[in-house]
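Subject: The structure, plus some notes

Hi,

Here is the structure I promised to pass on.

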Amino acid sequence: MNNKDFEDYLRQQATVGLPSRTKEAMTYSLMNGGKRIRPLILFSLLKDYGFKEQLGYPCGCAIEMIHTYSLIHDDLPCMDDDDLRRGKPSCHKAYDEATAVLAGDALLTRAFQVVLESQCSSEKKCALVSKLAEYAGIDGMIYGQDLDMKAETLTDARFEDLQEIEVYKTAKLLTLPMVCAAILADKEQDIPVLKEIGVHLGIQFQVQDDILDVTSSATALGKSTSDTQNNKLTAVSLLGLEESQNLVAKLDQQIQSLLNDLSTSTSSFQKILDFLIHRTC
């Protein structure tokens, strides 16, 4: 589902400026495959709102940079300690740990530069920057990562503990492109509903990941199936495989119901949702 024009835009934004080993590493990880789910969510909603997807290129690039930085840091030995990402060596294995840390830092800070290139008013640019910081920051995705590390030491974990992790660690960066699309399209009235959809989608997405982690191989997934070894809290470990699969279907029903409350038809967005619920990697 990748868009060549957007891929070219990503590479350009990652390589502009002074050459360095850190820039090589950040480009390696950013352009190392990936389904571009978050930009696709943004572009699909913009299309449903009646705008060209190019309007969302800077914002989509910024979100993808933030997502990639989080993966680089997640894979480090001090975090999940994974050697494989998207079927290739993780950034710290392809380069080294110090360079991987810098590459993640570089992607995060570059993201805020890129989003300011959005073709919109100064007020909207400020709103977009604010949302990037809010959803990716200490009370957003990073809070979820904090909870995730804490969960490794829990001896009496409940599914509610896992849901809280997913709401922050996964759902925040899936909700962010929806919110940004609404800002760019002057549809801020849809943001409360989009936030609800994002929460359900984030939980669904991570439960699917947990299911795939036990039903697929590392080769098929393009990443290590390391949750069991790392004592990670997962939906399958808490609910079992069948109940986890039932939960995915239930969350899809809730998402479908919420789509009716948006101010536009959602045919393009629906295609992305269908792709996500039927994914195999």
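**What I found**

Asparagine 3 is partly exposed, because its relative accessible area is 23%, and partly exposed is the band between buried (under 20% relative accessible area) and exposed (over 50%), worked out with a 1.4 Å probe on protein chains only. This residue sits in the segment before helix H1 (4–15); helices here are DSSP runs of H or I with at least four residues, strands are runs of E with at least two, and both are numbered from the N terminus. Setting aside residues up to four places away in sequence, asparagine 3 touches Glu53 and Tyr57, where a contact means heavy atoms within 4.5 Å. Asparagine 3 and lysine 232 are 229 residues apart along the chain, and their C-alpha atoms are separated by 34 Å.

Before going further, a word on where this comes from: it is a predicted model, in which local features need pLDDT of at least 70 and side-chain atom pairs count only at pLDDT 80 or more, while totals for chains, interfaces and linings use all residues. Residues are numbered from 1 along each chain as its sequence is written, and side-chain values use heavy atoms, with hydrogens and water left out.

**The chain as a whole**

The protein chain has 15 helices and two strands. Its radius of gyration is 18 Å, which agrees with the value near 19 Å that a compact globule of 281 residues would have; the radius is taken over C-alpha atoms, and the globule rule is 2.2 Å times the number of residues to the power 0.38. Along the principal axes, the C-alpha atoms fill a box of roughly 50 × 50 × 30 Å.

Of the 281 residues, 52% count as buried. If you take the contacts with a separation of 6 or more, 73% of them are between residues 24 or more positions apart. The accessible surface is about 12600 Å², and 51% of that belongs to carbon and sulfur atoms (Shrake-Rupley method, 1.4 Å probe; for residues, only the protein chains shown count as cover).

On charge, there are 28 positive and 41 negative side chains, and the centres of the two sets lie 6 Å apart. Lys and Arg count as positive, Asp and Glu as negative, with His and the chain ends not counted; each charge is placed at NZ of Lys, CZ of Arg, CG of Asp or CD of Glu.

**The cores**

Which residues touch the most other members of the largest nonpolar core? They are Ile41 and Ile197, in a core of 65 residues. By nonpolar core I mean a set of buried Ala, Val, Leu, Ile, Met, Phe, Trp, Tyr and Cys residues joined through side-chain atoms within 4.5 Å. Helix H10 (residues 171–184) supplies the largest share of this core, 10 residues. Another core lies apart from it, with 15 residues, among them Leu147, Leu162, Ile165 and Leu247.

Beyond its neighbours within four places in sequence, isoleucine 41 is in contact with Leu174, Pro177, Met178, Leu201, Phe269 and Ile272. Ile197 turns up again as a contact of leucine 262, along with Asp190, Val193 and Leu194, again leaving out neighbours within four places. Leucine 262 is in the loop between helix H14 (241–259) and helix H15 (267–277), and counts as buried because its relative accessibility is 9%.

- Glycine 60 is in helix H4 (residues 57–75) and counts as buried because its relative accessibility is 0%. Leaving aside neighbours within four places in sequence, glycine 60 contacts Phe6, Pro39 and Leu42.
- Tyrosine 28 is in helix H2 (residues 21–30) and, at 22% relative accessibility, counts as partly exposed. With neighbours within four places left aside, its contacts are Lys88, Pro89, Cys91, Ala94 and Tyr95.

Lastly, the backbone. Most residues other than glycine have a negative phi. Two residues go the other way:

- Arginine 36 is not a glycine, yet has a positive phi of about 55 degrees. It lies in the loop between H2 and helix H3 (37–48) and is buried, with a relative accessible area of 4%.
- Aspartate 186 has a positive phi near 60 degrees. It is in the loop between H10 and helix H11 (191–215) and is partly exposed, with a relative accessible area of 47%.

Cheers
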